[in-house]
Amino acid sequence: MEKSLITPPGVPPATEVLSVLEVARRARKNPLSIIPQLAYEQPIVSGKTVIRWHMVMDPGALKRVFLENVENYPKSNVTLRLLKPAVGESLFTSEGKHWRWQRRATAPAFQHRNVVQLASMMTDSAEATCKRLAAVADGAGVTDIDDEMTTATFDVVCDALLSGRDALNRDELIDALARYLETVGRVSLLDVLGLPNWVPRPAQLFSRGSIRDTQAMMEGVINKRRAKIAAGEEPANDLLNLILEAEDPKSGRRMSDAEARDNLLTFVIAGHETTALTLGWALYLIAAHPPTQERLAEEARSVLNGRAATGDDYDKLPFTRQVIEETLRLYPPAAFLSRNAREADTLVDRKIEPGDTVMLPIYTLHRNELLWEKPNVFDPENFAPDKVQARDRFAYLPFGQGPRICIGMNFAMNEAAIILATVASRFRFGVAEGFVPVPELTLTLRSSNGLRLSVERR
Ligand code: HEM
C-alpha cells in the first residue's frame with residue numbers, strides 16, 4: 001500500500017506575518033488559515049495580536065493544560081462567546097462545581113455498559129443508511145455523503161437521547177443550527193481584538209432568531225416528556241430522563257428547565273455533528289484511496305457476512321477503527337480548542353501570563369512534523385497497535401483529554417465503526433468526477449463544498 005499513499009486536501013498555513021485586519025478577515029472565513037507554517041514545525045508558537053497568545057503543539061505542555069494544571073486553564077472567552085448564547089452554562093461551557101455535578105449526573109448514560117445497549121440503535125441507523133445509499137446507487141449514482149451521514153447520526157442521537165425520532169423535526173433543527181453556525185459560530189474582528197463578551201458582535205444580532213428556534217424545539221421535547229410522565233407513563237431509560245432526574249448528590253439540587261434545555265441542546269449538537277463529519281471524511285478518504293477501501297470492505301465482509309454491524313463487532317473490526325482514528329487525525333471535527341490562563345505558568349520554554357490565550361490547535365498537533373513521520377499523508381497504519389504504543393498519548397487528541405475529555409467518546413467510536421463497517425461491506429465509494437473538498441473550520445471542521453461521492457452496490 002505504501003507506494004500509492006495519498007495526500008488529501010488540507011488547509012494551507014499562513015506563510016507571511018498577518019495584520020490584525022487580515023487575521024480577522026481570515027479567521028472569520030476559516031480560523032485554521034491563520035495558523036502559521038511554524039506551528040507545523042515547532043512545539044509552541046507565541047505572538048501578540050492585541051492579546052497575547054500561544055499555540056501549543058507539545059505533548060508535555062498539552063498534558064499540563066488538559067490534566068496536570070487543568071484548573072489554571074478554563075475554556076477561553078472566545079469559546080464561551082461562541083457557545084453560551086445557545087447552550088448557556090451547560091456541561092460543555094461551565095466550570096468548577098457547576099460543571100462537576102452536571103458531569104457526574106450525565107456520565108452514567110455514557111458508561112461502556114450503556115453504550116453497548118445503545119448500539120442496537122446505531123445498527124438500525126446503519127441499515128436505514130444502506131437503504132438510502134441503495135436508492136442513490138440505483139438512481140443518480142452520486143450523493144453528498146456528509147448529508148447522508150448527518151441523517152444517520154441524527155437518527156441515533158434522537159433514539160438514544162430522546163427515545164424517538166419524532167420528538168424533533170430534523171430539517172427544522174438542522175436549518176436553525178446552520179444559521180447559528182453561519183452567524184455566532186464565526187469568529188469576529190471583535191474576538192481577535194480581545195473585546196469583552198458583552199460587546200455585541202454584529203452577527204449575534206442576526207442569530208437570535210435561530211437560537212430562539214432551537215431553544216423552543218428543546219423546550220417542546222421537554223414539555224412533551226413531562227406531560228407523558230404526568231399522565232403516568234413509565235419514564236424512558238434515556239439521556240433526557242437522566243437530565244430531568246439528575247440531582248446533585250451534595251446539595252440535592254436539580255436542573256432548572258432552562259438548564260435541562262441547554263444540556264439537551266448540547267448533547268444533540270455535540271452528539272451528532274462531530275460523528276457525522278468523522279463518517280463523511282472517512283468515506284471520502286477511502287473513496288480517494290481504493291486499496292484502503294478494499295481492505296476495510298474485506299474486514300467488514302468477513303466479520304459481518306452480509307448482516308449489519310452490532311456493538312459486539314467493535315472489537316473484531318480493528319482496521320475499521322484504524323481508518324476512523326486516522327480520519328480523526330487528519331480531519332479532527334473539534335480542530336481548534338482554546339483556553340485562557342488564570343495564573344502565570346510555563347509551557348515548554350514560554351512564560352504564560354494571566355489572561356493569555358492558550359490555543360490548542362488539534363488540527364496542527366495532528367500534522368506537526370516533530371510528531372508524525374508523514375504528517376499530511378492518509379495512512380491508517382499510523383494506528384497499528386505498535387505505533388500507538390510508541391507514541392505519546394498527548395500527541396493525538398481528537399477527543400481532548402483529562403477531566404474535560406469528550407463524554408461521548410465511546411459512543412462516537414462505536415457509532416462510527418458500526419456505520420462505516422456496514423456501509424463499506426455493501427457499497428463501493430468513489431470521489432465524484434472533478435470533486436475536491438475544501439476543509440473549513442466554523443465550529444467544527446467540515447468541507448465547505450460538501451463531500452460528493454459516487455456510490456455503487458458491491
Ligand atoms: C467523533 C465525534 C466527537 C468528537 C471528535 C468530539 C470531540 C470533543 C472534544 C475535543 C471535547 C473536549 C473539548 C474541550 O476540551 O474544550 C468534547 C467534549 C464534549 N463532547 Fe464530544 N466529541 C465527539 C462526539 C460526542 C458525542 C457523541 C457526544 C454526546 C452524545 C459528545 C458530547 C460532548 C460533551 C457533552 C462534551 C463536554 C464534556 C465536558 O466538558 O465535561 N461528543 N468532545
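# Close-up views of a predicted model

**View 1. Strands β8 and β11 (residues 452-457) pair in the antiparallel sense, joined by five bridges.** The model is predicted, so local features need pLDDT of at least 70 and side-chain atom pairs count only at pLDDT 80 or more, while totals for chains, interfaces and linings use all residues. Residues are numbered from 1 along each chain as its sequence is written. Helices (H or I, at least four residues) and strands (E, at least two) are DSSP runs, numbered from the N terminus, and two strands pair if DSSP finds at least two bridges between them. Within this pair of strands, Arg428 stands opposite Glu456 in β11. The open sheet seen here has three strands in the order β3-β11-β8, with antiparallel pairing. Its edges are formed by β3 (142-144) and β8 (427-431), each of which pairs on one side only. From one strand to the next the twist averages 40 degrees, where axes are lines fitted to C-alpha atoms (for helices over the stretch in contact) and angles run from 0 to 180 degrees between N-to-C directions. Helix α5 (residues 112-138) packs on this sheet, touching β3, β8 and β11, and its direction makes about 90 degrees with that of β11; contact requires C-beta atoms, placed from the backbone, within 7 Å of each other.

**View 2. A second open sheet holds four strands in the order β1-β2-β7-β4, and its pairing is mixed.** The edge positions belong to β1 (44-49) and β4 (337-340), each with a single partner strand, so one side of each is left without a neighbour in the sheet. The twist from one strand to the next averages 20 degrees. The next pair, β2 and β7, is parallel and has three bridges, and here Trp53 is partnered by Thr357 in β7. Finally, β4 and β7 pair in the antiparallel sense over four bridges, with Val358 of β7 as the bridge partner of Arg339.

**View 3. In strand β7 (residues 357-360), residues point to two opposite sides.** Thr357 and Met359 point one way, whereas Val358 and Leu360 point the other way, and all four are buried. A residue is buried if 20 or more other C-beta atoms, placed from the backbone, lie within 10 Å of its own, exposed if 12 or fewer do, and partly exposed in between. In a regular strand the side chains alternate between the two faces of the sheet.

**View 4. Helix α11 (257-288) contributes to the shell around the ligand.** This helix has 32 residues and reaches 47 Å from its first C-alpha to its last, close to the expected 46 Å, a span taken as 1.5 Å times one less than the number of residues. Of its 32 residues, 30 are buried, so α11 is largely enclosed by the rest of the structure. The largest share of the shell, seven residues, comes from α11, and α16 (409-426) is another helix that supplies at least two. Of the 23 residues around the ligand, those that come nearest are Gly271, Thr274, Gly400, Cys406 and Gly408; a residue is near a molecule if its C-beta atom, placed from the backbone, lies within 6 Å of it.

**View 5. Tyr314 sits in the loop between α12 (290-304) and α13 (318-330), and Gln322 is found in helix α13.** Tyr314 counts as buried because it has 20 C-beta neighbours inside 10 Å. Not counting residues up to four places away in sequence, Tyr314 touches Asn414 and Ala417. Gln322, with 23 C-beta neighbours inside 10 Å, also counts as buried. Leaving aside neighbours within four places in sequence, Gln322 is in contact with Pro380, Phe383 and Ala384. Gln322 and Glu381 are 59 residues apart in sequence, and their C-alpha atoms are 7.2 Å apart in space.

**View 6. Asn305 has a positive phi of about 50 degrees although it is not a glycine, and Val348 has a positive phi near 55 degrees.** Most residues other than glycine have a negative phi. Asn305 lies in the loop between α12 and α13 and counts as exposed, with 8 C-beta neighbours inside 10 Å. Val348 is found in the loop between β5 (345-347) and β6 (350-352), and its 16 C-beta neighbours inside 10 Å make it partly exposed.

How values were computed:
Contact = placed C-beta atoms within 7 Å.
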